[in-house]
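Work through the exercises below with the sequence and coordinates open. Each task is followed by a solution in steps.

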Amino acid sequence: MDPMTFILITQLVHGLAYGMLLFLVAAGLSLIFGMMDILNLSHAYFFMLAAYIGYTIAGMTNFWVALLLAPLVVVALGMVIERFMLRKIHPFGHIPELVLTIGIGLIIMEFCKAVWGTQSLMLQTPEILSGLLNIGVFRYPLYRAFIIFFAVAMMILMGILFYKTRFGTIVRAATADADMVNALGINVPLVYTVFFGFGTWLAGLAGVVVAPFLSVFPGLADQVGFDAFVVVVMGGLGSMSGAFVGAILIGLLNSFGIQFLPTAAPLLTFGLMALVLSIKPTGLFGVRQ
Amino acid sequence: MAEKKLFFNLCLTLSLMAALVLLPHGGFAQEVNSSFNPSEMSDMSDFDPNNFQQPEGDTIKLGYMQIMSGAAASNGELFWPIVTWAAHDINKRGGILVDGKKKKIEIVTGDTQGKPEAAKKETERLCLEEKVDVLWGTSGSHLAKVIADVAKKYKVPFMNCLALSDELMDEKNFNRYTFRTLSNTTQWNMAMAYYFSKRPETRFSILCQDYMYGHSMAGAFKKHLKKLKPEVEFVSEDYHQLWLKDFAPYLTKIMATNPEVLYTADWLPDGDNLAKQVRNMGLELPIANIYITLRETLKALGVDGTENLINGYCFMSGDTPQTEAQAKLMKAWHEQWKTWKAPYDSDTYAWPEVVLGSTLNDTYWLFDVIKRAGSTDPEKIIEVWEGDVFQSIQGIRTMRADDHQAVYDMYISDYTYPTKEVYPGALYSEGFAGPGEIITVPQKYCTPPVPEGLKGRAE
């Protein structure tokens, strides 16, 4: 393989890995907005909280136990917040929701600082995912490959959940006409609470997965959350396919931008977002509300 | 690999020794004005950074200017045990005799929030409302610049022990009230260039943060290494945005140029993430760095990840204290650290090393200057500090009178594993490499020039 082909393939895979990482964070945010019409700006803080909790659990047990348990903790928190806070202010529109979720985010950040301090914490890559994947002459970090496979698996799981299960049918029906579903005897508020919990579970998974990749520190939510928000806006608020495509586009733009236009690389993401929104204001896969 | 490393360290040590022998007799013999005396150190067994006992009454007020909130609040947390340790020690000695009265050290916190406007407001509050006697800080050259400007306006001495940029103390920005105890960009890179001029590597890649500091560090390194080793090649040079998430695209680009050393001046969290991702990509090349030193990070990188980290700083002991004072301090600190609660129970605080050690050293110097000034009058402090020669915990530190830049020997180490016990029962590190043999780069080889417009200013 000639060196340039090798570089191009490697950058392509880097783009996919980073895009999939963003997708994991963005998916929950997009789902919650799409299905529940809640713009949850604390989403990235749930992600960060899971990373911290995952760090602690992994320290006591191992990465896999952390991946199982830490997201459940943020699910519980997310469900409580939806049931006792967001549900009450949802009828008053997006502004109170934004203020509330920003406030929740700040409380989570201060909580993390109080419990774990402010220093960067690092979770070691699990032993089984350390090292390099060798495919012929191509060597690639196993953990980055794991992120790609994990995100694709989550995408498939979400597809099955929403299109092949009764729960998915109910959620989609409730999104289309909540009153009708309620009239059929289904407890729609409970469905929403569970669904919000599912969205935060995705954030929690992303938090634990990102911990061996990046350091865990109080700026983690801002560091990754902003890119995730761009993915959701560009893909179309509420569209899972949009989040998936948007995340891959940003990932690829990032890696090829660094390779060929390093000085402009940080601007490319925003340039693409501006271009997409100027042509299609609802985002790539968004629909007019 | 270990033999190769030993061989080069030996060559370097011998060449440095030879250089010292060949120096003109008395050329660098310095008469010290004062010294850190380890025998005067208090019993610190009651020190707790979570519960610092602020003295009451008439005190010497130290304004601790740091990022205490927001995403970069780690900076404020990191140095809190440092200032409180030194203040506690001095307070237990009864304080400092100033203006005919023994006064203890009180610490007043100013939160820069990492933002220039907040730094300005907080420094003004500390100067005007709290009436602090001295200012201590700060992470971020852009913030140090703001603090220095306010310090000048209200005539409050400011010890800059954390911001590196040369520009802070150039002709344009110099002010009489600011003293920089940390090395500047040129100084650090002269030392690093000197070190690498003695090593065999000739192909270097540069990856730094994309703002003034990153460019300034890389520029100085290139300039000084090229001067000492003309055959050197900088095979790639990249600057990344702050708080970068994914370094892999840069690393692939860098790998294609086949470098022998990766140079980075990244600070947290970029430095940590970079080191982690370099090793995860299977790259084992040496990483020349300034801030990949926090022990929590090193622990996560493990033995393989930390071997071949090459760190330079103005304070370094590793597992072998370089002076009696350093040995005593390290033991007292480490024993006490075992009793601290979160967040100070983390491994990051286990030893007063590198950036922690350097700021502790500087804080003791500041208190010693006040003691010798016998006053908190800024003019008297300036008079003592300008041209001062201080035998510090590690090495002699000279505060140049003309530009208020401290100059001294620098220390560089290629991290190795295993490390030894610092004293019986206290292993320096387990599961990760630490500073191996400490190479001292004499002051002669890392003294930056006094800015042209400031030459002779103090005469």
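**Exercise 1.** State how chain B is divided into domains and describe the contact between them.

Solution. Step 1: chain B splits into domain 1 (2-17 + 186-319 + 411-445) and domain 2 (34-184 + 353-409), with bounds that come from an automatic or database domain assignment. Step 2: the C-alpha centres of domain 1 and domain 2 of chain B are 28 Å apart. Step 3: the contact involves 19 residues of domain 1 of chain B and 17 residues of domain 2 of chain B; two residues are in contact if their C-beta atoms, placed from the backbone, lie within 7 Å. Step 4: on the domain 1 side, helix 5 (185-197), helix 6 (212-228), strand 12 (309-313) and strand 20 (439-441) of chain B each give at least two residues. Helices (H or I, at least four residues) and strands (E, at least two) are DSSP runs, numbered from the N terminus.

The model is predicted: local features need pLDDT of at least 70 and side-chain atom pairs count only at pLDDT 80 or more, while totals for chains, interfaces and linings use all residues. Residues are numbered from 1 along each chain as its sequence is written, chains are lettered from A and ligands numbered from 1 in the order in which they are written.

**Exercise 2.** How many helices and strands does chain A have, and in what order do the elements run?

Solution. Step 1: chain A has 11 helices and two strands. Step 2: from the N terminus on, the order in chain A is α-α-α-α-β-β-α-α-α-α-α-α-α. Step 3: the C-alpha atoms of chain A occupy a box of roughly 65 × 50 × 35 Å along the principal axes.

**Exercise 3.** Characterise helix 1 of chain A.

Solution. Step 1: helix 1 (residues 3-36) of chain A has 34 residues and spans 48 Å from its first C-alpha to its last, close to the 50 Å expected (1.5 Å times one less than its number of residues). Step 2: of these 34 residues, 25 are buried, that is, 20 or more other C-beta atoms, placed from the backbone, lie within 10 Å of the residue's own. Step 3: just after helix 1 of chain A, A:Asp37 has a positive phi of about 60 degrees.

**Exercise 4.** Which elements form the side of chain A that touches chain B?

Solution. Step 1: the contact takes 35 residues from chain A and 34 residues from chain B. Step 2: helix 1, strand 2 (138-141), helix 5 (142-164), helix 9 (220-235) and helix 10 (240-260) of chain A give two or more residues each to this side. Step 3: the largest share, six residues, comes from helix 1 of chain A.

How values were computed
A residue is buried if 20 or more other C-beta atoms lie within 10 Å of its own, exposed if 12 or fewer, and partly exposed in between; C-beta atoms are placed from the backbone.
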